[in-house]
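Look at the model first, then read on.

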Amino acid sequence: LFINKRSSALAAPEECDILCRQKRYDNYMDSQYDEGNNLPPAQPIPAVTNKITYVVQMIIDIGAKRDNINAGYLRFGLYGDDAPMSVKQMLFFLTKGITSMDQETLEDRLEVEYMPVSMSNGSAQTISPGTGIVFGVPSQSKAYAENKGLRTAGPNFIPQNKPVPTLEGEKFPRPHSCAGLISIPSRGIGYDSSSSSLDEIYSSAFTITDAPLPELDKPSATKKSAQQQPPTHRVIGQIIDNESMQFLERLATLPVQKKLGKGGSSGPPLLKVRVRDVDVQKVK
């Protein structure tokens with residue numbers, strides 16, 4: 001007996017797990033961006049106001065597929081002369097990874113398993129259209145387990161702590177005045193997470209602005225004597241080409257998990273937006 005599920009009121013709703021949703025969304029992405037059609041309009045490239053000393057290219061995958069249709073790149077320059085310590089920390093995070101464990105921690109444990117925290121295990125954590133996209137590593141233990149091919153990290157795994165010293169004394173090269181700027185917490189990467197878990201402190205490592213964000217140039221509202229406090233974030237670079245601005249706009253318009261967000265249109269991306277590869281070139 002053939003039953004048309006569309007016309008049968010008794011038909012059970014079709015179940016769809018995460019892999020099913022990934023396939024559906026990949027098909028949606030294919031139809032939306034086939035041959036460059038229907039791309040959201042890109043905003044202008046930020047004016048170059050500071051010397052660019054490094055050029056970074058991040059290749060990013062959207063969804064389960066790893067192909068050129070559902071992937072793109074963000075190419076941005078970093079202001080190594082104006083914010084040398086911040087840029088150095090960012091370069092470590094993008095490539096080799098940050099290792100901030102102290103020797104005492106290592107000596108207190110007979111068996112210690114750890115891994116530098118880097119963007120090679122990172123992804124887009126929050127998409128906020130008209131605000132920015134936050135990138136980071138949501139869980140160091142899960143990143144370690146995935147890297148080692150394990151189900152869990154195990155009891156001997158120790159996550160990296162926040163890097164020291166902090167970068168509060170470094171100057172602020174430019175304000176958050178437009179889309180396409182690269183911003184990190186003023187104290188350094190690892191100091192912007194709202195989580196109290198050490199495992200998750202790198203979940204909000206850096207932000208790429210999707211609009212002017214003057215609130216990031218203000219001191220923290222939770223601290224006393226706010227007038228004497230530095231801004232909460234520091235711009236350390238900018239996107240440098242139209243293709244990257246186009247892809248930034250594409251990322252900013254992806255569907256989000258609104259129930260997990262803070263309300264409105266912001267939240268984690270519906271499917272993973274993962275960094276596939278990072279390349280860094282020093283400008284001569």
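Q: Which residues line the largest cavity?
A: This is a predicted model, where local features need pLDDT of at least 70, side-chain atom pairs count only at pLDDT 80 or more, and totals for chains, interfaces and linings use all residues. Residues are numbered from 1 along each chain as its sequence is written, and side-chain values use heavy atoms, with hydrogens and water left out. On a 1 Å grid over the protein atoms alone, a cavity is a set of points where a 1.4 Å probe fits but cannot get out, and lining residues have an atom within 4 Å of a point. The lining consists of Met-115, Pro-116, Val-117, Ser-118, Asn-121, Val-137, Gln-140, Ala-143 and Phe-157.

Q: How much space lies in the largest cavity?
A: The count comes to one cavity of 30 Å³ or more. Its lining divides into six nonpolar, three polar and no charged residues (Ala, Val, Leu, Ile, Met, Phe, Trp, Tyr, Cys and Pro count as nonpolar, Asp, Glu, Lys and Arg as charged, the others, Gly among them, as polar). A volume is the space filled by probe spheres set on the grid points, which are joined across faces, edges and corners. For the largest cavity that space is about 40 Å³.

Q: What is the volume of space in the second largest pocket?
A: A pocket is an open set of points with protein on both sides within 12 Å along at least five of seven lines. The lining here includes Met-85, Lys-88, Phe-92, Val-164 and Pro-165. It divides into seven nonpolar residues, four polar and one charged. The space comes to about 270 Å³.

Q: Is the peptide bond from Val-164 to Pro-165 cis or trans?
A: Most peptide bonds are trans. Pro-165 sits in the loop between α4 (140-148) and β5 (helices, H or I, at least four residues, and strands, E, at least two, are DSSP runs numbered from the N terminus). Omega is near 0 degrees, and the bond from Val-164 to Pro-165 is cis.

Q: How many residues has the largest nonpolar core?
A: A nonpolar core is a set of buried Ala, Val, Leu, Ile, Met, Phe, Trp, Tyr and Cys residues joined through side-chain atoms within 4.5 Å. Buried means under 20% relative accessible area, exposed over 50%, partly exposed in between (1.4 Å probe, protein chains only). Met-58, Leu-74, Phe-93, Phe-135, Phe-206 and Leu-251 have the most contacts inside the largest core. Its residue count is 47.

Q: How is the pair of Phe-135 and Phe-206 arranged?
A: Rings of Phe, Tyr and Trp (its six-membered ring) pair if their centres lie within 6.5 Å; planes under 30 degrees apart count as stacked, over 60 as edge-to-face and the rest as tilted. The whole structure holds three aromatic pairs. In this one the centres are 5.3 Å apart and the planes at 10 degrees, so the pair is stacked.

Q: What separates the C-alpha atoms of Val-275 and Ile-59?
A: Val-275 lies in strand β8 (residues 273-282) and is buried, at 5% relative accessibility. Contact means heavy atoms within 4.5 Å. Beyond four places in sequence, Val-275 touches Met-58, Ile-59, Ile-60, Met-119, Ser-120 and Gly-122. Val-275 and Ile-59 are 216 residues apart along the chain, yet their C-alpha separation is 6.0 Å.
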